[in-house]
Amino acid sequence: MALPNINPTETNAWKALQEHFTAVKDVKMKDLFAQNSNRANDFTVKWEDFYVDFSKNRITKETFKLLQDLAEEVKLKDAINSYYSGAIINQTEERAVLHTALRAKAIDSVLVNGENVIPEITKVKAKIESFTNQVVNGERKGYTNKSFTDIVNIGIGGSDLGPAMVVDSLQYYKNHLTTHFVSNVDGDHVNEVIKKLNPETTLFVIVSKTFTTQETLSNANTIREWFLKHTDSEQVAKHFVAVSTNIEKVKDFGIDEVNIFPMWNWVGGRFSLWSAVGLTISLTVGYSNFESLLNGANKMDTHFKTEDFDKNIPVILALLSVWYNNFFKAESEAVIAYSQYLNQFATYLQQGIMESNGKSVDRNGKRVNYETGTLIWGEPGTNSQHAFFQLIHQGTKLIPADFIGFATSLHGNKDHQDKLMSNYIAQTEALLNGKTEAEVVGELKTQNLSEEQIQKLLPFKVFEGNKPTNSIFITKLTPESLGELIAMYEHKIFVQGIIWNIFSYDQFGVELGKQLANTILSEFEINTITNHDASTQNLLEYYKQLR
């Protein structure tokens, strides 16, 4: 069953939302709270160990209903059923989209071309578990019979960002192995990693579906050359494994076929950490924690698939995003995690969200006449408060923000956690309420300033407030809750794509630059520059003089 194909701007709900927006666009959230003493409860969802408060948004009950009407009118429920059933919803590449199947239960059945893929997924999981245990327990050794101490993940895009983010986020749960990531084709990157390694005790995981990705293969070959300075080619099989579909190319590299972990074309790269692409995660935190990550995602999958829209966390977050993007014309969203462990989380979401929904052509192949993808950015709190929060508080741009917090400190430092959480909660309160002229005057009077000084400073110290935020409060950062959180955003991406009537699971936009780079690289190799625009021609000539 194909996805519904509906221009959202032609729906009755969209037209009603446009009229409604005109009426409420200047509404003050403080007034909405004053008018409804139960507002916070009305706009909060409690699920598992998640407490999601979306009451600090520029919405009324009517707004919320109209947004749900939009979801109904674009047939979101039908789309969700297609998403989970193995239907070819990535129609431009004629593929199913089944990262949800990777974390499904072994008793489940998910059909692709009439065949249940769960048994094959279960088989690969067993292989990941066995391999992980052998490495972690020291049973699998390097060419000098020493146990492995370091793991190097070699990949780029989804083959790097997902595993790197999860490994960083779950540092508290890591074992004795030290994990490194090589992604950028910048030779300085790979060489900075190499100089930290002992070839006798390092295991390399090459992640490339086709085993042709320029950056990944360049880095893998550089590392292989470095490795062979210390031993012979027969030892490559002991130190290199691959996650790929191209068996022959992997074997040509020197990797034993038994050390090749398969991938499937129904899993997009940016949603692949749940597959064998997550091998590095499993090696770093142990297979049981990797399995907990999958279980958490599966719980969110069930919530998204079965819950009514008014209590469905990914649906609610997606509808709010559409409300701000398409009606308030807010171009970006900030993701602020009050945990240093989630240092790479916003970076990870940038690929997931902007590569998926950065589209300007709808599912009819026609140019859209409305905004689609949002810009995603962010850093952990409280660091971000001392960096870009000035723009959110007093800048000219409307920037909706997700605030992610954890109630429990993993290391148990209550003093630090209280300070962290006081900032987490206070910032959303400050963004809601702002600071009025009267409040500023009152503060300045306590400083014994003259009336002239007060009037001079007054406009600079007023905060208009009314800045929207979502508070995503989670009991504790665990592998399971991280899986739930990642899957929550994956499903938000899906809902946005359905509403905007775009294909979220292709990424043709990344290809043109790669094609031109290959052309230019070939010109470097033959030392001949062909026809380009004047600017590119000058850059090439300048580089040619310096290289």
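The side chains of Lys146 and Glu200 meet in a salt bridge, with 3.0 Å from N to O, where a salt bridge is a side-chain nitrogen of Lys or Arg within 4 Å of a carboxyl oxygen of Asp or Glu. Lys146 lies in the loop between helix H6 (118-136) and strand E5 (150-154) and Glu200 in the loop between helix H8 (187-194) and strand E7 (202-207), so the pair ties together parts that are 54 residues apart in sequence; helices (H or I, at least four residues) and strands (E, at least two) are DSSP runs, numbered from the N terminus. This is a predicted model, in which local features need pLDDT of at least 70 and side-chain atom pairs count only at pLDDT 80 or more, while totals for chains, interfaces and linings use all residues. Residues are numbered from 1 along each chain as its sequence is written, and side-chain values use heavy atoms, with hydrogens and water left out.

**Salt bridges**

- Side chains of opposite charge can pair when their charged atoms come close, and in this model the count comes to 19 salt bridges.
- In the pair described above, Lys146 is partly exposed at 39% relative accessibility and Glu200 is partly exposed at 21%, on a scale where buried means under 20% relative accessible area, exposed over 50% and partly exposed in between (1.4 Å probe, protein chains only).
- Asp415 forms a salt bridge with Lys419, the closest N and O atoms being 3.1 Å apart, and both residues lie in helix H17 (residues 414-433), 4 residues apart, which is about one turn of the helix.
- Asp415 is partly exposed with a relative accessible area of 43%, and Lys419 is likewise partly exposed, with a value of 49%.
- Another salt bridge joins the side chains of Lys435 and Glu443 at 3.1 Å, N to O; Lys435 is partly exposed at 23% relative accessibility, and Glu443 is partly exposed with a relative accessible area of 40%.
- Glu48, Lys299 and Glu480 are linked in a network of salt bridges.

**Helix H17**

- At 1.5 Å a residue, the 20 residues of H17 should span 28 Å, and its end C-alpha atoms are 28 Å apart, which agrees; the expected span of a helix is taken as 1.5 Å times one less than its number of residues.
- The buried residues of H17 are Gln417, Leu420, Met421, Tyr424, Gln427, Thr428, Leu431 and Leu432.
- What covers the buried residues of H17 includes helix H2 (29-35), strand E10 (332-338), helix H16 (389-394), strand E12 (401-406) and strand E13 (469-474), with contact meaning heavy atoms within 4.5 Å.
- At the N-terminal end, H17 is capped by Asn413, a side-chain oxygen of which lies 3.3 Å from the backbone nitrogen of Asp415, whereas just after H17 Gly434 takes a positive phi of about 65 degrees.

**The open sheet**

- An open sheet is formed by 5 strands in the order E6-E5-E7-E8-E9, with parallel pairing; its edge strands are E6 (178-182) and E9 (260-261), each of which pairs on one side only.
- Two strands pair if DSSP finds at least two bridges between them, and 5 bridges join E5 to E7, which run parallel.
- Across this pairing, Ile151 stands opposite Leu203 in E7.

**Asn7 and its surroundings**

- Asn7, found in the segment before helix H1 (12-24), is buried, with a relative accessible area of 18%.
- A polar contact of 2.7 Å joins the side chains of Asn7 and Thr9 (a pair of N or O atoms within 3.5 Å; within protein, one must be able to donate a hydrogen and the other to accept it, and residues adjacent in sequence count only if both atoms are side-chain atoms).
- Not counting residues up to four places away in sequence, Asn7 touches Asn369, Tyr370 and Asn501.

**Backbone geometry**

- Most residues other than glycine have a negative phi, and most peptide bonds are trans.
- The peptide bond from Gly381 to Thr382 is cis, with omega near 15 degrees, and Thr382 is placed in the loop between strand E11 (375-377) and H16.
- Asn113, although not a glycine, has a positive phi of about 55 degrees; this residue is in the loop between strand E3 (111-112) and strand E4 (115-116) and counts as exposed at 76% relative accessibility.
- Asn466, also not a glycine, has a positive phi of about 65 degrees; its place is in the loop between helix H19 (451-461) and E13, and at 5% relative accessibility Asn466 counts as buried.
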